[in-house]
Amino acid sequence: MTSGDVGYPSWKEESGLRISADSIRVTEVTEDGDALIFTITSQKLNSEVGVCVCRTFEDVEWLQQSLFSQEDVPGLQGIIFPPLPGKPLSSPQSQAQAKALKQLGFLALGDDWKSYCKALEMYLQQVANHSTLSKNKALESLLTNSEPPRTQRVHKGIFSRLSQAVGELRKENHKDLDGFFQNERNNNLSMSQFSKTATEKFLEVVLSEQKLAMACGHLSTSLHLCVNQGGSDAGNFSKICMKLSEVIDAVKRNFEKVADNNVSTLGLGLDMEYRGQEAKKDMLFRRTCKLVELETAVKSAEKAKPNKKAIMEEVKKVVEKDFDQISSIAKEEIGCFNKCKVTLLRSSLVDWCEKQLHTAREDYKLFSKQLEACQQLCVTESTENRIE
């Protein structure tokens, strides 16, 4: 996937960010005890000057909380916030590996955290490309300051106050009077479940490929143990074992390459699709909560006594204004999100097909050579047997 196809929303207006969004890269990850340290590089606008900083997951999480807490931004609750990947577990081995797979899915595969770095890179690019979120000073601080930003205390803001509303299922199932948003909620519910299922099933395919590769490796090694130099028959058997070991090792490498291709292309795309649908669901739920609040304010204004009528009408107007701002921004966000998710999935599918086709062509040449070698070995053995 190219850096230009990293997500949503991608429209760009004048902002205070002095960093090129497309230049942001997560180039390396190192372990420091139980923590992972990510090396993030970027380039300043209209300049060749590069910036390199080292950040932990908590630093990036601080950025996300800073974005959530912008109470002075009108209609903030209507924004589809780019989804931050879950917290990585350093050295996911044995029991921790199962936990990492459950928590991170495709992003936990591999020893070098390459997929996780790509997902984190895409997250930062999405924030930097957003016309509103990119104006937050926390983003530039994260990307350019040599010192980590976590020493600053973050106020959780509107989203912490909404945490109590998450448990109110009546709001989640509350019927929307706006047909556009009701359809979006219905579609999101279906798409979220479909993308989750597709991601889980494709992950099962990749894990099976990795298990097959491991089994082939064990078989190839076992065939080497059968090599014996004593006697002509033993020598012939050893040659067959050696050649068969080479073939099985080639099959092993094929499974590994196919699995790696699956993870770095379609696997990452499906992971982004699912987390994106969840981010959209969160936004739609926040708007639904505001809708319930508006309907409550309207009813309160209608039932208010004469001495409180003016106050309740004013409260209703404030809530109505907030709701209209949220709805207006939400429509723009949804439009951009729906376009960008198609671009993202198309890009991941194209990359997937191209990589797997390239791998298949390479393996075809390799297996053809192995077949020729086996045939030649059979001819040689047959000739030697006739001579004897």
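Which strands does helix 4 lie across, and at about what angle does helix 4 run to strand 3? In this predicted model, helix 4 lies across strand 2 and strand 3 and runs at about 90° to strand 3. Angles run from 0 to 180 degrees between N-to-C directions, with axes being lines fitted to C-alpha atoms, for helices over the stretch in contact. Helices (H or I, at least four residues) and strands (E, at least two) are DSSP runs numbered from the N terminus.

The model is predicted, so that local features need pLDDT of at least 70 and side-chain atom pairs count only at pLDDT 80 or more, while totals for chains, interfaces and linings use all residues. Residues are numbered from 1 along each chain as its sequence is written, and side-chain values use heavy atoms, with hydrogens and water left out.

The sheet is open and consists of three strands in the order 1-2-3, with antiparallel pairing; two strands pair if DSSP finds at least two bridges between them. Strand 1 (25-32) and strand 3 (50-55) are the edge strands, each pairing on one side only. On average, neighbouring strands of this sheet are turned by 20° against each other, direction ignored. Strand 1 is joined to strand 2 by seven bridges, and Glu28 stands opposite Thr39 in strand 2. These two strands form a hairpin with two residues between them, and Gly33 in the turn has a positive phi of about 70°.

Six bridges join strand 2 (residues 35-43) to strand 3. Ser42 has Val51 in strand 3 as its bridge partner, and Gln43 has Gly50. The hairpin of strand 2 and strand 3 has six residues between the strands, and Asn46 takes a positive phi near 50° there.

Helix 3 (residues 114-129) lies across strand 1 and strand 2, at about 130° to strand 1. The axes of helix 1 (residues 57-68) and helix 4 (residues 137-144) come within 9 Å and cross at roughly 165°. Helix 1 and helix 4 are therefore roughly antiparallel to each other, a term applied to angles over 145 degrees. In helix 1, Asp59, Val60, Trp62, Leu63 and Ser66 meet Ala138, Leu139, Ser141 and Leu142 of helix 4, contact meaning heavy atoms within 4.5 Å.

The chain averages a pLDDT of 85, and 83% of the residues score at least 70; pLDDT is the predictor's confidence in each residue, from 0 to 100. Over residues 2-14 the pLDDT is below 50. Where pLDDT is low, the predicted coordinates should not be read in detail.

Methods
Parallel < 35°, antiparallel > 145°, perpendicular 65-115°, else oblique.
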